[in-house]
Amino acid sequence: MTASVLSVMFAAVISNNIVLSQYQGICPFLGVSKKLSSAAGMGFAVIFVMAISAVFTWLVYNYILLPLKIDYLYTMAFILVIASLVQVTEMIVKRYSPTLYSALGVYLPLITTNCAILGTANSAVVFSSYAFIETFAVSVATGVGFLFAILLLACVRLKTDRADIPKCFRGFPITLVTAAIMAMAFAGFAGILA
Amino acid sequence: MDKTKIKETFLGGIIRNNPTFVLVLGTCPTIAMTTSLFQAFAMGIATTFVLIFSNLFVSLLRDLIPDKVRIPCYIVIISTFVIIVQMVMQKFMPDLYTTMRAFIALIVVNCIILARAESFASCNKPLYSMIDGFSIGLGFTGALCLIGIVREFFAGGAFAGMKIPGFPAMSGTGASAFGFIVFGCMMALFNFVIQKVNERKEKMKAASLPLSGGKAERLGEVQV
């Protein structure tokens with residue numbers, strides 16, 4: 001079982017990367033990757049929220065929705081759990097670590113609409129029906145994969161922003177092309193596990 | 001009923017406020033659900049349905065929803081309609097639903113819908129809000145279908161599910177990364193066209209400028 005968890009975690013970080021091969025969380029991936037520092041802040045915030053939302057959505061699904069046979073409401077339940085968790089996290093961080101709070105800034109509330117969080121909760125808890133430990137491990141690994149991808153993109157963007165690119169390709173289009181090349185490189189690791 | 005406002009709202013979502021190419025919102029389904037024209041069309045229609053009805057209900061309830069808890073209220077409204085879409089698709093199109101279920105569930109966090117609820121429906125009448133939802137949805141569906149056609153043609157060697165003879169399909173790796181490239185190039189093309197149109201407008205303005213410039217000069221002389 002440990003081996004399977006490890007291989008799933010490796011896949012979640014590299015070959016099955018949330019952004020580059022599952023296409024989730026692309027909005028912050030494109031929007032918050034202009035500066036390395038903000039990309040890192042966003043990445044760590046995502047790991048944190050993803051881990052705690054995995055715990056709570058798993059509990060809500062298995063101990064509330066399934067026993068009451070209202071599991072078709074999982075979309076609504078999960079998004080409300082995530083939205084309130086983000087709110088609570090924001091309040092706690094603000095109270096106990098003002099430095100971290102100012103570092104994360106606006107990225108914390110934005111995480112609610114990051115589809116990677118809801119997508120990971122959906123796929124781990126509902127579609128794959130993982131056990132508790134597996135859900136937690138996969139969610140953390142997925143978050144790490146997001147951090148990895150957004151940091152790499154931010155580094156590349158430092159270069160592309162200074163390059164002489166045709167006017168119509170500046171901004172989002174060239175970033176998307178960069179992401180495509182990164183996606184190919186990440187997909188190349190898929191062979192390792194098979 | 002203000003006809004110009006209806007027209008403006010209707011056309012706004014398709015070109016000037018195009019959610020995909022101009023606002024760059026909802027990028028995840030744009031890349032994940034456009035491997036074929038059919039899938040892209042289904043995703044667009046599902047999103048349009050949720051957009052129209054969430055806009056309508058947000059607009060109807062806009063005086064009742066307290067300002068402080070408006071975002072959770074919008075999310076509840078939106079997710080209600082997403083659950084309806086999920087149930088209908090599961091019943092009538094089970095095969096399509098199994099391939100698309102991850103992204104159908106993610107319509108809840110599609111930024112287009114929340115953005116329209118927040119910026120349009122919360123301060124406009126129900127009818128206009130529905131029209132806005134329809135037009136934004138149409139712009140989204142159109143963009144998705146365009147990308148779907150291009151991707152299906154180049155990566156799958158097919159058009160709308162029909163194989164084009166003598167056109168080989170791309171293998172897995174290339175096809176998955178292809179979405180980013182096609183989306184990037186389409187956006188560049190859209191920018192290019194808009195840039196050209198604006199340049200032409202500037203030119204026309206410049207051509208008609210001598211007259212207005214002359215008038216201004218004459219006015220200046222009078223003032224002096």
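Analyst: Helices (H or I, at least four residues) and strands (E, at least two) are DSSP runs, numbered from the N terminus. The model here is predicted: local features need pLDDT of at least 70, side-chain atom pairs count only at pLDDT 80 or more, and totals for chains, interfaces and linings use all residues. Residues are numbered from 1 along each chain as its sequence is written, while chains are lettered from A and ligands numbered from 1 in the order in which they are written.

User: How many helices and strands are there in chain B?

Analyst: Chain B has eight helices and two strands. Read from the N terminus, its elements run α-α-α-α-α-α-α-β-β-α. Of its 224 residues, 42% are buried, that is, 20 or more other C-beta atoms lie within 10 Å of their own, with C-beta atoms placed from the backbone.

User: How many residues of chain B are in contact with chain A?

Analyst: Two residues are in contact if their C-beta atoms, placed from the backbone, lie within 7 Å. By that rule, 31 residues of chain B touch 31 residues of chain A. On the chain B side, two or more residues each come from α2 (27-32), α4 (70-92), α5 (94-105), α6 (111-119) and α8 (172-223). The most come from α8(B), which gives twelve residues. This side of chain B holds 24 nonpolar residues, seven polar and no charged; Ala, Val, Leu, Ile, Met, Phe, Trp, Tyr, Cys and Pro count as nonpolar, Asp, Glu, Lys and Arg as charged, and the others, Gly among them, as polar.

User: At what angle do the axes of α8 and α9 of chain A cross?

Analyst: Two packed helices are described by the angle between their axes and the distance between the axes. Helix α8 (residues 132-160) and helix α9 (residues 172-187) of chain A have axes that come within 11 Å and cross at roughly 130°. Axes are lines fitted to C-alpha atoms, for helices over the stretch in contact, and angles run from 0 to 180 degrees between N-to-C directions. α8(A) and α9(A) are therefore oblique to each other, since angles under 35 degrees count as roughly parallel, over 145 as roughly antiparallel, 65 to 115 as roughly perpendicular and the rest as oblique. Among the residues that make the contact are Leu152(A) and Val156(A) of α8(A) and Ile174(A) and Met182(A) of α9(A). The contact residues divide into six nonpolar, three polar and one charged.

User: Is α7(A) mostly covered or uncovered?

Analyst: Mostly covered: eleven of the 13 residues of α7(A) are buried, including Cys115(A), Gly119(A) and Val126(A). Their cover includes α3 (36-68), α4 (74-96) and α8 of chain A, together with α2 and α5 of chain B. After α7(A) comes Ser129(A), with a positive phi near 40°.

Technical notes. A residue is buried if 20 or more other C-beta atoms lie within 10 Å of its own, exposed if 12 or fewer, and partly exposed in between; C-beta atoms are placed from the backbone.
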